[in-house]
Amino acid sequence: METLIAALRSLLPHDSVITDPVRLRTYECDGLTYHRATPGVVVLPGTAEQVARVVRLCNEFGVPFVARGSGTGLSGGALPREDGVLIVTSKMRAILEIDLGNRRAVVEPGVTNLAITEAVRDRGHYYAPDPSSQQICSIGGNVAENSGGAHCLKYGFTVNHVEACEIVTPDGDLVTLDRMDPGYDLLGAFVGSEGTLGIATKITVRLCRAPESVTTVLAAFESIEQGGEAVSAIIGAGIVPAAIEMMDALAIEAAEAAVACAYPEGAGAVLIVELDGPAAEVERQFAQLREICSDAFELRVAADPAERAAIWKGRKSAFAAVGRISPAYIVQDGVVPRTSLPGVLAAIDRLSAEHRIKVANVFHAGDGNLHPLVLFDDAEPGAGERAEVVSGAILDLCIEHGGSITGEHGVGVDKSRYMPRMFSEDDLDTMQLVRCAFDPRGLANPGKVFPTPRLCGEVPGVRKGVHPLVESGKAEQF
């Protein structure tokens with residue numbers, strides 16, 4: 001490691017190679033603080049070629065590497081290796097090209113999500129995917145996790161808005177993956193691969209025209225069941241809003257404490273519905289929406305952009321806001337069919353009562369993407385363990401109802417042990433063969449996504465005996 005660090009110092013400016021133990025602590029986790037590890041060394045390259053040369057050095061020394069953007073991920077996907085190199089792309093934050101004629105922008109991976117929209121808003125365009133952390137999350141991280149956001153119901157996830165990626169492969173080559181390339185969709189495989197197939201260094205994203213009309217509505221209901229019924233009725237009526245978001249009473253309490261969002265008092269749930277498109281269509285859909293939400297005890301309609309931002313303020317701050325009502329929490333990210341929402345939410349309530357662990361529910365109601373926030377006091381003996389049990393049981397509920405263990409946060413290290421509950425051994429073997437095709441040495445973000453990594457070169461099939469990595473203590477078999 002010392003020899004590698006010396007080689008890195010000869011490659012990068014002195015302040016771009018971090019070995020000081022105190023400074024390394026800055027990078028010991030991503031937004032999921034429950035998992036922590038101090039990296040062996042942190043590097044901050046400024047160019048794609050520097051990233052490639054760092055990766056080639058890692059290959060030369062056989063040292064694993066992990067890519068990190070802004071560190072806002074919520075699955076431990078950027079959890080560093082104590083015996084490895086953490087490659088931080090935050091210095092690579094240039095918007096290289098804006099091509100409104102073709103509705104494209106070319107950006108470096110450290111560019112924040114919202115910065116793209118800010119660069120083109122005055123010219124009537126925007127970038128559609130909008131994670132709640134869009135003010136600080138980076139496009140490189142969005143690509144790695146295939147991030148979504150509130151407006152993914154109508155506009156899709158990051159994969160639907162990436163046209164091309166220049167990447168550094170796990171062996172250090174610079175190549176470009178393009179949506180228009182013939183053959184297998186390698187770009188589609190790369191987006192959402194959580195850093196296991198390489199590192200994005202230049203991203204071409206699709207821009208959208210700003211809609212002619214936008215109407216944002218806040219509906220307050222006495223119970224979360226009423227809100228869930230309204231969601232089903234909206235989709236059942238053939239309305240496809242830009243966004244349908246829901247928060248329960250506990251999440252509202254946290255948002256009020258954090259940002260004073262002034263949501264209606266006494267609400268058991270609030271529903272935020274945003275309609276956009278041609279003015280005539282939005283007007284017609286709003287008339288339908290008003291009728292569907294007749295059970296709401298209060299209905300607010302934003303009169304201007306400022307009021308629209310005020311409605312979204314509480315929802316956008318929800319994850320960070322729970323810190324006001326709980327010393328620690330685990331963010332989950334399961335998905336269920338919309339029709340299963342009432343049953344799953346009731347089951348989460350029962351789990352909460354049984355284990356004496358509070359759960360605040362915030363979710364993209366339109367596509368059934370749940371974000372339960374499992375709250376606990378890490379100073380209380382056994383509370384963290386109970387929270388883990390509840391968190392895992394919620395994922396089991398999602399699988400039982402035909403859903404998924406993740407909708408947009410990724411698997412990372414946090415959910416890898418749940419993969420066998422959703423996929424068969426043959427499924428997992430097939431996925432790992434794809435990874436091995438990109439990364440035969442297993443150096444790119446090892447230990448993520450899969451519960452026990454395949455040694456590239458192994459023959460697919462049921463393993464006999466103890467896996468070599470388990471035997472050596474480098475991996476754990478769940």
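Which handedness does the link of Cys-436 and Cys-456 have about the S-S bond? The legends below begin with that link and then visit other spots in this predicted model.

**About the model.** Local features need pLDDT of at least 70 and side-chain atom pairs count only at pLDDT 80 or more, while totals for chains, interfaces and linings use all residues. Residues are numbered from 1 along each chain as its sequence is written, and side-chain values use heavy atoms, leaving out hydrogens and water.

**View 1. Cys-436 and Cys-456 form a disulfide.** The link is left-handed, with -85° about the S-S bond. Because Cys-436 sits in helix H16 (residues 425-438) and Cys-456 in the loop between H16 and helix H17 (468-471), the pair ties together parts that are 20 residues apart in sequence. Helices here are DSSP runs of H or I with at least four residues, strands are runs of E with at least two, and both are numbered from the N terminus. The two sulfur atoms are 2.2 Å apart; a disulfide is a pair of cysteine sulfur atoms within 2.5 Å. The structure holds one disulfide. Cys-436 is buried at 13% relative accessibility, and Cys-456 is partly exposed at 30%. For these words, buried means under 20% relative accessible area, exposed means over 50%, and partly exposed lies in between (1.4 Å probe, protein chains only).

**View 2. Here we look at Cys-261 and Cys-293.** Cys-261 is buried, with a relative accessible area of 8%. Cys-293 is in no disulfide either, as its nearest cysteine sulfur is that of Cys-261, 18 Å away. Cys-293 is buried too, with a relative accessible area of 4%.

**View 3. Glu-163 and Arg-104 meet in a salt bridge.** The closest N and O atoms of this pair are 3.8 Å apart. Glu-163 belongs to strand S8 (residues 162-168) and Arg-104 to strand S6 (residues 104-107), so distant parts of the chain are linked, 59 residues apart. A salt bridge needs a side-chain nitrogen of Lys or Arg within 4 Å of a carboxyl oxygen of Asp or Glu. A search of the whole structure finds 18 of them. Glu-163 is buried at 15% relative accessibility, whereas Arg-104 is partly exposed at 30%.

**View 4. Strands S5 and S6 form a hairpin.** Strand S5 (residues 95-99) and S6 run antiparallel and are joined by four bridges; two strands pair if DSSP finds at least two bridges between them. Ile-95 has Val-107 in S6 as its bridge partner. Four residues lie between the strands, and in the turn Arg-103 has a positive phi of about 55°.

**View 5. Lys-316 has a salt bridge partner and a ring beside it to look for.** Lys-316 forms a salt bridge with Asp-130, with 3.4 Å between the closest N and O atoms. The pair links distant parts of the chain, 186 residues apart: Lys-316 is in helix H11 (residues 305-316), and Asp-130 is in the loop between strand S7 (125-126) and helix H5 (139-145). Lys-316 is partly exposed at 25% relative accessibility, and Asp-130 is buried at 6%. Lys-316 also lies over the face of Trp-312, at 5.8 Å from the ring centre. A charge sits over a ring if NZ of Lys or CZ of Arg is within 6 Å of the ring centre and within 35 degrees of the ring normal. Arg-315 lies over the face of Phe-319, at 5.8 Å from the ring centre.

**View 6. Glu-388 and Arg-417 form a salt bridge through their side chains.** The N to O distance is 3.0 Å. Glu-388 lies in helix H14 (residues 383-400) and Arg-417 in the loop between H14 and helix H15 (419-422), so the pair ties together parts that are 29 residues apart in sequence. Glu-388 is buried at 16% relative accessible area, and Arg-417 is partly exposed at 22%.
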